[in-house]
Amino acid sequence: MANSAQAAKRARQAVERRARNMSARSKLRTAISRTVRALDSGDAEKAAAAYEEARPVIDSMVGKGIIHANKAARHKNRLNKRLRALKEG
């Protein structure tokens, strides 16, 4: 339990921020998993569309501080590598 008004306010803010961050992280994971499912299906056009939808979501999570820039780059690189391999045959 918070012992001061300042600590109580910080506790409330932490709860709100945690909920916001969990929602954003869920959105990120959903975008990535949609792309992975599209890649697994073997349809290059569907996979490319899913990747194009996921890319700005990944980048926006970096801007919000949800994930590190290197992690975003790693996700985009791995997804794009799989997409290129699917397109090549």
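The model is a predicted one, in which local features need pLDDT of at least 70 and side-chain atom pairs count only at pLDDT 80 or more, whereas totals for chains, interfaces and linings use all residues. Residues are numbered from 1 along each chain as its sequence is written, and side-chain values use heavy atoms, with hydrogens and water left out.

The side chain of Glu 52 forms a salt bridge with Arg 55, the closest N and O atoms being 3.0 Å apart; a salt bridge is here a side-chain nitrogen of Lys or Arg within 4 Å of a carboxyl oxygen of Asp or Glu. Both residues belong to helix α2 (residues 44-63), and because they are three residues apart they are separated by about one helical turn. Helices (H or I, at least four residues) and strands (E, at least two) are DSSP runs, numbered from the N terminus. Arg 55 is likewise assigned to the partly exposed class, with a relative accessible area of 32%.

By the stated criterion the count comes to three salt bridges. Side chains of opposite charge can pair when their charged atoms come close. In a further pair, Lys 76 forms a salt bridge with Asp 59, for which the closest N and O atoms are 2.7 Å apart. This pair links distant parts of the chain, with Lys 76 in helix α3 and Asp 59 in helix α2, 17 residues apart. Lys 76 is partly exposed at a relative accessible area of 21%, and Asp 59 counts as partly exposed at 36% relative accessibility.

Arg 82 and Asp 40 also meet through their side chains in a salt bridge, with an N to O distance of 2.5 Å. Here too distant parts of the chain are linked, since Arg 82 lies in helix α3 (residues 69-88) and Asp 40 in helix α1 (residues 5-41), 42 residues apart. Arg 82 counts as partly exposed at 37% relative accessibility, whereas Asp 40 is exposed, its relative accessible area being 54%.

Along its principal axes, the C-alpha trace spans about 65 × 20 × 15 Å. Of the 89 residues, 22% count as buried. Residues 24 or more positions apart account for 60% of the contacts with a separation of 6 or more, a contact being defined by heavy atoms within 4.5 Å.

The chain exposes about 6500 Å², of which carbon and sulfur atoms supply 48%; accessible areas come from the Shrake-Rupley method with a 1.4 Å probe. The mean positions of the 22 positive and 8 negative charges are 13 Å apart, where Lys and Arg count as positive and Asp and Glu as negative, while His and the chain ends are not counted.

His 75, placed in helix α3, is partly exposed with a relative accessible area of 24%, and touches Ile 32 and Ile 58 when residues up to four places away in sequence are not counted. The C-alpha atoms of His 75 and Arg 55 are 9.2 Å apart in space, although the two residues are 20 residues apart in sequence. Glu 88, also found in helix α3, counts as exposed at 72% relative accessibility, and its C-alpha atom is 9.5 Å from that of Ala 44, 44 residues apart in sequence.

For helix α1, Gln 6 is exposed with a relative accessible area of 63%, and the C-alpha atoms of Gln 6 and Arg 55, 49 residues apart along the chain, are separated by 39 Å. Asn 21, in helix α1, counts as partly exposed at 31% relative accessibility, and a C-alpha separation of 33 Å is found between Asn 21 and Leu 86, 65 residues apart along the chain.

Terms used:
Buried means under 20% relative accessible area, exposed over 50%, partly exposed in between (1.4 Å probe, protein chains only). The place of a charge is taken as NZ of Lys, CZ of Arg, CG of Asp or CD of Glu.
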